[in-house]
Amino acid sequence: METDLNSVKNIYFIGIGGIGMSALARYFKHAGKNVCGYDRTPTEITDALIKEGVAVHFTDDTAKIPNEFKDKERTLVVFTPAIPKEHSELCYFQGENFNVVKRSEVLGLITRNTFCLAVAGTHGKTTTTSILAHILYETGVKVSAFLGGIAENFNSNLVLNGNEYTVVEADEFDRSFLRLSPNIACITSVDADHLDIYGDKAHFEEGFRQFTEKIKPGGSLIIRNGLELKGETYGLEDNSDYSFRNIRVIDGSYVFDFHHGGKTYPNYTFTKPGRHNLSNALAAIAVATKADFAPEGLLKALASFKGVKRRFSYIIRSEKLTFIDDYAHHPSEINALYQAVSEMYPEIPKTIVFQPHLFTRTRDFLDGFAESLSQFDDVVLLDIYPARELPIEGVTSAKLLEKVHAKQKQLVSKEALIPLLLEKQPKLLLTVGAGDIGMEVERIKEAFLKAEKLV
């Protein structure tokens, strides 16, 4: 039986601190629902939810579930696939025959009756959806957006400015994006990932083909030029249906012309470094243009896009040190990151601190990670962040380090990381990964500010 969100009074989230789950929690709180939930550990996101009036606890204990959320007729339970099947709260709700659904199902219900713009892809979808939400918001569109990161313009992963249009990140993990039914879909990349879910590259690519079949009748697909799918194309310096050409860097920003439909829109600006980010901006412009919004206003709004937290985020910019934090966790993303820093800082030696994410991903892309990391001058590896996985014999950061061919390289514990970096005194430092390395960023920043009196 399909869930009727209007009849639900209480919504309980298991894994409420996740980036996608917390956006839904905020959405329902704003809609007047009673919202509560569990997560494993406190984070900035759970702290923010608590300040917004959402009760969150951090012990897997059914006694912690408030009584009003034990009313099965009025309570919807939402969980993330990252939650283990033996989780006692999840087992309680399932055993008592509550309406228990995955996050992706709820997102599908919310977006079904709106004009939905969905962005999928192994890389770039969070930045693209954030840019798309920003340019639509700036041009006055009544839009709600569910983002996979904290957009710095909104300081949130949720944008609420009406619901004629929805912007949603279409996540391929656990085949979640197959719950959506977009009017316009965009695919930024189809580099194999999540092989623990899909099994192999062929099944992963088939998942994306199935996603394109979810587009509503009369809808549209926009793809990065070169992908083996049928749709309108976008690309940099080429003859795609949507393209940025005459690209140059002026005062640290990209300046370019937009070409579409036989027309040229000259001299627009985008400030985020990296050709991959410029491609993401083009994807957002293409989707919004396809939705019949005037390109001139959309292009103008690009200049004020601040970025997404942990996507090429500047932490320190001084004469002594440039410190950048980034979420990259796939070889292709590390390659894109290297291209960006090389374009912006061609002469400065580059030190990367990388925390591999997932044993399966490290195993499946070991050689790719080694090759991408070997481009940097100095590589510092942390142990693999397990997330939802148990260790796999022979899959370690030490094994990855053996394959890295950088001028300097070493494996270090988190406890020894800051003393090591202070000793190294890098001029360009990057912290990179999708695990809990983000928790170290503020500590690294404070250590350098204190040691060097950087301003």
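Two strands count as paired here if DSSP finds at least two bridges between them. With that in hand, let's look at strand E10 of this predicted model, which covers residues 184-187.

On one side, E10 pairs with strand E6 (residues 115-120) in the parallel sense, over four bridges. Strand E11 (residues 220-224) also runs parallel to E10 and is joined to E10 by four bridges. Isoleucine 184 is a handy landmark for both pairings: leucine 117 stands opposite isoleucine 184, and isoleucine 184 in turn stands opposite serine 220 in E11.

What about the faces of E10: are they covered or open? Both are covered, with Ile184 and Cys186 buried on one side and Ala185 and Ile187 buried on the other.

## Helix H15

Helix H15 takes in the 15 residues 438-452. At 1.5 Å a residue, H15 should span 21 Å, and the 22 Å between its end C-alpha atoms agrees with that.

Which residues of H15 are buried? They are Glu440, Val441, Ile444, Ala447 and Phe448. These residues cover an arc of only 135° around the axis, so they lie on the same side of H15. Their cover includes strands E16 (313-317), E17 (322-326) and E21 (428-432), along with helix H14 (414-424).

## The annotated N-terminal region

In an unreviewed entry, UniProt lists residues 11-112 as "domain: Mur ligase N-terminal catalytic". In the model, the chain over residues 11-112 is 37% helix and 21% strand. The end C-alpha atoms of that stretch are 19 Å apart.

Definitions and conventions:
Residues are numbered from 1 along each chain as its sequence is written. This is a predicted model: local features need pLDDT of at least 70, side-chain atom pairs count only at pLDDT 80 or more; totals for chains, interfaces and linings use all residues. Side-chain values use heavy atoms; hydrogens and water are left out. Helices (H or I, at least four residues) and strands (E, at least two) are DSSP runs, numbered from the N terminus. The expected span of a helix is 1.5 Å times one less than its number of residues. Buried means under 20% relative accessible area, exposed over 50%, partly exposed in between (1.4 Å probe, protein chains only). The arc is that of the directions from the helix axis to the C-beta atoms. Contact means heavy atoms within 4.5 Å. UniProt positions are given in the numbering used here, feature names are shortened, and annotations may be inferred rather than shown by experiment.
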